[in-house]
Amino acid sequence: MESITNTAADVSVSMDSEGNPDGFEKVKSKKSQKRKRDAGEVDMDTVAIKRPSFPPISGDQLRGGVDEMRKVPVPAHRYTPLKENWLKIFTPIVENLQLQVRFNLKTRNVEIKTCKETQEISALTKAADFVKAFVLGFQVEDALALIRLDELFLESFDVTDVKPLKGDHLSRAIGRIAGKGGKTKFTIENVTKTRIVLADTKIHLLGSFQNIKMARTAICNLILGSPPSKVYGNIRAVASRAAERF
């Protein structure tokens, strides 16, 4: 018992000798600790973090060194126009998109191929769409917009997809779309800012997504029997709303 009391007395003496007469330790205020912690966090944020820098990769490296090819079949009635406009088709594909192109006389296909000079990944798709648009019947100047501009699309559908018409009824529906001297077709093109090709019962549209939607709705209404005057009014109303929105 004496040894226990002696040790307790020694502890009390040692605590008194540290400068606390009551034998209690000073507790640091929480505010000062919080301020120091906040200051430390600010210092960590101010330290500049090094971001990884990756050098640009060429188109050849992205493809993995493998050349890709697209083939666009050409129907017989488009051979002569293709031959007459070959220089206009050849020049933008080779000079602007840095691709290789040729017309295979055996398979009757326009073959487009990438090479080491090709920089843009989407160049092959743009060139294929450009040639396809010309083959469908669009003018070279209109089809060239697919190379120069993004967000332009091609869409094709058949008159009989909208309504199963036959004989004279089908002919009258096509006549309503074209109009007298092509007036109705030109009006739809100008209002919706699209290009339309009528090839027998096939209808091909070239333009942006929203504009193609407006033109397709107008053409479908004409096929279903709406008079052109009513279709004009609906197109102008939709086009004015779209213009106000943008």
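Modeller: Gladly; here is a short tour in questions and answers. This is a predicted model, in which local features need pLDDT of at least 70, side-chain atom pairs count only at pLDDT 80 or more, and totals for chains, interfaces and linings use all residues. Residues are numbered from 1 along each chain as its sequence is written, and side-chain values use heavy atoms, with hydrogens and water left out.

Colleague: How many helices and strands are there in the protein chain?

Modeller: The protein chain has 13 helices and six strands. Both are DSSP runs numbered from the N terminus: helices are H or I with at least four residues, strands are E with at least two.

Colleague: Why are α10 and α11 called oblique to each other?

Modeller: Helix α10 (residues 168-178) and helix α11 (residues 183-192) pack at an angle of about 50°, with their axes 5 Å apart. Axes are lines fitted to C-alpha atoms, for helices over the stretch in contact, and angles run from 0 to 180 degrees between N-to-C directions. Under 35 degrees counts as roughly parallel, over 145 as roughly antiparallel, 65 to 115 as roughly perpendicular, and the rest as oblique. The angle of about 50° belongs to the rest, so α10 and α11 are oblique.

Colleague: Which residues of α10 and α11 meet?

Modeller: R176, I177 and A178 in α10 meet K183, T184 and K185 in α11, where contact means heavy atoms within 4.5 Å.

Colleague: What makes K185 count as buried?

Modeller: Buried means under 20% relative accessible area, exposed over 50%, and partly exposed in between (1.4 Å probe, protein chains only). K185, found in helix α11, has 18% relative accessibility and therefore counts as buried. Leaving aside residues up to four places away in sequence, K185 touches I177, A178, I196 and L198. Across the protein chain of 246 residues, 31% are buried.

Colleague: Why is one side of β4 and of β5 left without a neighbour in the sheet?

Modeller: Three strands form an open sheet in the order β4-β6-β5, with antiparallel pairing. β4 (153-158) and β5 (195-199) stand at the edges with a single partner strand each, so one side of each has no neighbour in the sheet.

Colleague: How do you know that β4 and β6 pair?

Modeller: Two strands pair if DSSP finds at least two bridges between them. β4 and strand β6 (residues 202-207) have six bridges, in the antiparallel sense. L154 stands opposite L206 in β6.
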